[in-house]
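The exercises below each consist of a task and a worked solution. Keep the sequence and the model in view while working through them.

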Amino acid sequence: MSSLRRTLAAAALSLATLAPAGFARAADLPVKAVKAPAELPFFLVIDDRVTFSYIFTAAQPGLFSVNPDGSINGKTAKQVYSFTHFDLWAYGTNFFTISLFKSGHNDPAGPCTNAGQITDPLNGFLTVPASCAGASEIYGLFRSTFGWNQIFNTKAFNVGPLNNISFEVGMDANTENRYFGAAKRDVVAGLQFEFNLPYKGYLC
């Protein structure tokens with residue numbers, strides 16, 4: 001019996017010695033940290049495009065040529081070169097576009113007042129033949145919005161179908177080399193209201 005007791009005591013002592021070491025090793029095992037949710041980037045969407053398009057039957061008000069059969073041709077071709085930028089950022093949206101419109105001869109550059117003609121108002125509006133290249137026009141536009149929910153960090157402006165209210169600012173401008181030389185300069189500012197639509201879009 002004494003031999004059995006000695007064996008059991010030795011086994012118990014061995015277990016008592018090993019148990020703390022086992023617990024210590026388990027405690028030292030690396031624990032996977034819970035990842036914090038990723039912060040949204042300052043710019044959620046950035047879209048830049050360079051495009052070319054061709055308009056076969058464009059028209060310019062008041063400009064025309066006379067066909068050999070006496071009919072009026074009020075159409076002209078236009079080449080359009082454009083750069084467009086759109087981004088969605090933390091506080092709203094930005095949109096910018098600038099285009100170069102290059103017309104055919106039915107929409108002539110100055111000093112022609114119509115296709116292949118110069119009208120002289122100082123000489124009894126006498127019309128004389130001329131050869132003018134097609135007109136060129138540069139047109140630019142930008143719009144920026146600033147959402148009230150984003151600015152004030154609130155959901156107060158998300159009520160029922162209303163999704164948000166935004167400040168909107170922008171400008172339009174153009175320059176051209178036609179006889180009349182229009183030069184638009186337009187500054188806009190106001191409010192934009194966004195409403196939810198059934199297909200998970202919004203109308204503003």
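**Exercise 1.** Is Tyr91 buried, partly exposed or exposed?

*Solution.* The model is predicted: local features need pLDDT of at least 70, side-chain atom pairs count only at pLDDT 80 or more, and totals for chains, interfaces and linings use all residues. Residues are numbered from 1 along each chain as its sequence is written, and side-chain values use heavy atoms, with hydrogens and water left out.
Step 1: take the classes, which are buried under 20% relative accessible area, exposed over 50% and partly exposed in between (1.4 Å probe, protein chains only).
Step 2: Tyr91 has a relative accessible area of 34%, so Tyr91 is partly exposed.
Step 3: Trp89, at 17% relative accessibility, counts as buried.

**Exercise 2.** Classify the aromatic pair of Trp89 and Tyr91.

*Solution.* 
Step 1: a pair of aromatic rings is described by the distance of the centres and the angle of the planes.
Step 2: rings of Phe, Tyr and Trp (its six-membered ring) pair if their centres lie within 6.5 Å; planes under 30 degrees apart count as stacked, over 60 as edge-to-face and the rest as tilted.
Step 3: nine aromatic pairs occur in the structure. For Trp89 and Tyr91, the ring centres are 5.5 Å apart and the planes stand at 65°, so this pair is edge-to-face.
Step 4: Phe152 is exposed at 52% relative accessibility, while Phe157 is partly exposed at 22%. Both belong to a cluster that ring pairs build from Trp148, Phe152, Phe157 and Phe167.

**Exercise 3.** Describe the fold content and burial of the chain.

*Solution.* 
Step 1: count DSSP runs, with helices (H or I) of at least four residues and strands (E) of at least two, numbered from the N terminus. The chain has two helices and eleven strands.
Step 2: along the sequence, their order is α-β-β-β-β-β-β-β-β-α-β-β-β.
Step 3: the chain has 204 residues, and 24% of them count as buried.
Step 4: a contact means heavy atoms within 4.5 Å. Among contacts in the chain with a separation of 6 or more, 58% join residues 24 or more positions apart.
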